[in-house]
Amino acid sequence: MALHAWGRLPNPHNANTVRLHDRHADLPNVTLPWLAHGCGRSYGDVCLNRRGSLLHTINLDHFIDFNPATGILRAEAGVTLRAILALVVPHGWFLAVTPGTRDVTLGGAIANDVHGKNHHVAGSFGHHVRQLEILRSTGERLRCHAQQHAELLRATIGGLGLTGLITWAEIALIPIANPFMTVETTRFGHIDNFWALNAQAETCWPYTVAWIDCLAQGKRQGRGVFMTAAHAATQENLPDWREKPRNIPFDPPVSLVNSLSLRTFNALYWHKARSGTSLQHHVPYFYPLDAISRWNRIYGSAGFYQYQCVLPPDAMCAGTTSLLNRIARSGQGSFLAVLKTFGNHPPPGMLSFPRPGATLALDFPNHGQRTLALFTELDAIVRDAGGAIYPAKDARMPASLFKSAFPQWETFSQWMDPAFSSDFWLRVNS
Ligand SMILES: Cc1cc2nc3c(=O)[nH]c(=O)nc-3n(C[C@H](O)[C@H](O)[C@H](O)COP(=O)(O)OP(=O)(O)OC[C@H]3O[C@@H](n4cnc5c(N)ncnc54)[C@H](O)[C@@H]3O)c2cc1C
């Protein structure tokens, strides 16, 4: 079966695919170069490898150890965050950092050093990795932690799968009293209001994020809904909650996302949002998009891009406004865009994406050259601001932007396993 990335951009060359079943086994004897592939929730080509073979890790799905007294968990790299939560939440533990979907593997979360809505207090996923094992193409198995192979660990966290195969990892969880979140919602009428709300909220809430209407212009530019949250403390009067999974059952031939549907959805969402405090189960709070599996099909056979950038603190307000102006003028755009600020934690990986500043993420239907031309203009704003694009979401950033935004790339490349590569790595080194 051909493996895809989440953006489902047309890809005429499928890689050879082999499923791994045993973490103790040697790497398989298949066409080089190799690349691990987890759930394929990266949007672009960091999880693709058309010249060689994908090592599909989804059956490396065993838990190795979990201590409910300390919240230390060790698991094979193909275990998903969904499976981890199913195991640990009933024992009063939660992931220290989680992205906006549970359907990612432990190995994928480490290799992209994913971030969540609590970066300003907790840093990124890699900050909570205590140790891991990496299997190199030489057959060596290297256990990496702060006292041993520490530089290889720093290369592997955020290392985009290029340092070898992570076979297992050990992470530290955080305690929770129950599966619910206290969520405070505030509707705001203009992007300028976001910065003040956010600065205040970051001093008292562990989770902060805003959904903004990237198509609203003029006096309503960047209007949005700001959500702050904390794990609920109360044990009493917790509501019943059951997941009702839904699916997009077929591939529409053309995108169902167009400027009319986008404008209507974004305006409805903003008008429907109510300011106030509520108790929400952690699943709809953290993973609203998991409610519809395979929602990426709505973009039709041409697929879609996500553009996620980070802008440094001194440029984030003006830079975000410039990005929104340019996007609104293009008439292309996104269902709700996500805006959040990162904290000042030193990055745990050489190629970690999170860094101080604000990160903006938007989805765009693939309209070919028209969409790529818009991205070139957005890149210029990001470059001038000294920002960066997130490799996990990227399918087209130019090599020059990657190299200037990830200045440790040369040091990183010394730790790469020569038998591993990816379409992303070839592209940003061409
Ligand atoms: C709806 C949605 C919401 C998202 N929200 C966020 C978010 O809030 N924050 C965020 O940071 N990201 C977010 N993402 C992106 C996603 O979290 C990352 O792309 C994640 O890394 C995907 O994990 P995966 O298991 O699907 O890995 P894949 O996409 O299959 O692979 C990702 C990378 O990990 C490497 N890899 C996988 N397994 C291993 C292994 N065992 N050993 C070595 N390398 C390995 C691959 O080679 C590849 O380079 C979101 C994605 C979606 C679809």
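This is a predicted model: local features need pLDDT of at least 70, side-chain atom pairs count only at pLDDT 80 or more; totals for chains, interfaces and linings use all residues.
1. Three elements, β2 (34-37), α2 (106-111) and β9 (165-175), each contribute at least two residues to the shell around the ligand, and within that shell α2 holds the largest share, with 4 residues.

2. In total, 33 residues surround the ligand, and the closest of them are G38, G107, G108, A111 and G161. By residue class, the shell is made up of 17 nonpolar, 15 polar and 1 charged residues.

3. Strand β2, which supplies part of that shell, runs parallel to β3 and is joined to β3 by 4 bridges; within this pairing, A36 has L55 of β3 as its bridge partner. Strand β1 (residues 16-19) also pairs with β3 in the parallel sense, over 4 bridges, and here N16 stands opposite S53 of β3.

4. The side chains of β3 (residues 53-56) deserve a separate remark: S53 and L55 point one way from the strand, L54 and H56 point the other way, and all of these residues are buried.

5. Turning to the protein as a whole, the model contains 12 helices and 19 strands, and the C-alpha trace spans about 60 × 55 × 45 Å along its principal axes. The radius of gyration is 21 Å, which agrees with a compact globule, because a globule of 430 residues would have a value near 22 Å.

6. Of the 430 residues in the protein, 46% are buried. Among contacts between residues at least 6 apart in sequence, 76% join residues that are at least 24 apart.

Notes:
Residues are numbered from 1 along each chain as its sequence is written. A residue is near a molecule or strand if its C-beta atom, placed from the backbone, lies within 6 Å of it. Ala, Val, Leu, Ile, Met, Phe, Trp, Tyr, Cys and Pro count as nonpolar, Asp, Glu, Lys and Arg as charged, and the others, Gly among them, as polar. The radius of gyration is taken over C-alpha atoms; the globule rule is 2.2 Å times the number of residues to the power 0.38. A residue is buried if 20 or more other C-beta atoms lie within 10 Å of its own, exposed if 12 or fewer, and partly exposed in between; C-beta atoms are placed from the backbone. Two residues are in contact if their C-beta atoms, placed from the backbone, lie within 7 Å. Two strands pair if DSSP finds at least two bridges between them.
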